Amino acid sequence: MNNTATYISELLYRYECVILPGFGAFLTRRQPATIQESTHSFFPPKKLISFNSQLQNNDGLLANYIATAEHISYTDAVAKIQRYVLSLNEKMAHGQRIELEHIGSFFTSVENTLQFEPLQEVNYLTEAFGLHTFVSPEINREVEIKRESYKQEVEAIEEVVPLAFTPEKRNQRPYLQYAAVAAIVFGIGGFFGLKQISDNTISFNNQEWNKANQEIENRIQEATFEIANPLPAINLSLVKEEENTTNTAEKSTVASGKYHIIAGAFRVASNANKKVRKLKAKGFDARLIGINKYGLHQVVYESYQNRLDALQALRIIKKEQSPRAWLLVQEL
């Protein structure tokens, strides 16, 4: 006995498409609940079944289900489906009407085309389990009493028994007045409090702004410019007149050394002189060496004729005095 139709019916409860390889596919579509007013009939939601003869490729769904249900191999299940389809085609070739249990019937039309008529008694929508079609008896509603009849009855009652309405005296609640006054007072106080906080904030910001500007001005006045990659030194041979004494020659050599350890550059000359006095007080042979191309007065710790001596002194000054000190190579 071939139970392929039964297996297809069982699969239609769970899937929207069940393909019978070599024959066609059974498709389901959800239909909502409906009401037929003419017959007072109520129809629950259901799955509508349709058939598509173009989908014939085996997707494995039906064969795997049959193999699991009958405990046979997948190959045997495919062979069983093929035998079932062959028997359907033979019946259709002889013009017989085919009835698939719980699914519907197939027949050949006058134009020799395959027609499918689904079975309406079976609902494959599991959500509608237990719901059946029923017909509701006609409901006879009583005629509503018109508004005019109510109005006439009320007027008749008022003529016999006049109605007097006594207005209810409203209870006074003085505490609400006090609460409103308190809310207004707190609101005004909060406004002036916020204004005072805002004024204090603006004043504090202005003071901090002035301090920042003053700090920037001081930094500019004491700015030190360090040249990471100075231009190579140019050695000039100058013919100097012989001095009368050896001491004078030595002083000129020290003063005219081309290796200068820069202590700072100042825009105001008084600040530069002040820096020179401080360095001299510390024991340095500090002095001004002129104005650079930025218009700043340059102050040096010492000037050296020998490059190695200058570098050694620069390391000591960076470590003990100021890490911003740098070496300028320039003939004065």
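Predicted model: local features only at pLDDT ≥ 70, side-chain atom pairs only at ≥ 80, totals over all residues.
Two residues are in contact when heavy atoms of theirs lie within 4.5 Å. On the α2 side, Leu62, Ala63, Asn64, Ile66, Ala67 and Glu70 take part, and they meet Tyr74, Ala77, Val78, Lys80 and Ile81 of α3. Sorted by class, the contact of α2 with α3 comprises eight nonpolar, one polar and two charged residues.

The geometry of this pair follows. Two packed helices are described by the angle between their axes and the distance between the axes. For α2 and α3, the angle is about 115° and the axes are 8 Å apart. Because angles of 65 to 115 degrees count as roughly perpendicular, α2 is placed roughly perpendicular to α3. The crossing in which α2 passes α3 is right-handed.

The largest nonpolar core has 28 residues, and Leu20, Phe26, Leu100 and Phe106 touch the most other members. Two or more residues each are given to this core by α1 (4-12), β1 (17-20), β5 (46-52), α2 (61-70), α3 (74-93) and β6 (98-100). The largest share, six residues, is that of α3.

Phe106 may be followed in detail. Leaving aside residues up to four places away in sequence, Phe106 touches Phe23, Phe26, Phe51, Met92, Gln96, Arg97, Ile98, Leu100, Leu114, Gln115 and Phe116.

Terms used
Residues numbered from 1 in each chain as written. Heavy atoms only, no water. Core = buried A, V, L, I, M, F, W, Y, C linked by side-chain atoms within 4.5 Å. Buried < 20%, exposed > 50% of the residue type's maximum accessible area, 1.4 Å probe, protein only. Helix = DSSP H or I, 4+ residues; strand = E, 2+ residues; numbered from the N terminus. Axes fitted to C-alpha atoms, helices over the stretch in contact; angles between N-to-C directions. Parallel < 35°, antiparallel > 145°, perpendicular 65-115°, else oblique. Left-handed = near helix turned anticlockwise from the far one by under 90°. Nonpolar A, V, L, I, M, F, W, Y, C, P; charged D, E, K, R; others polar.
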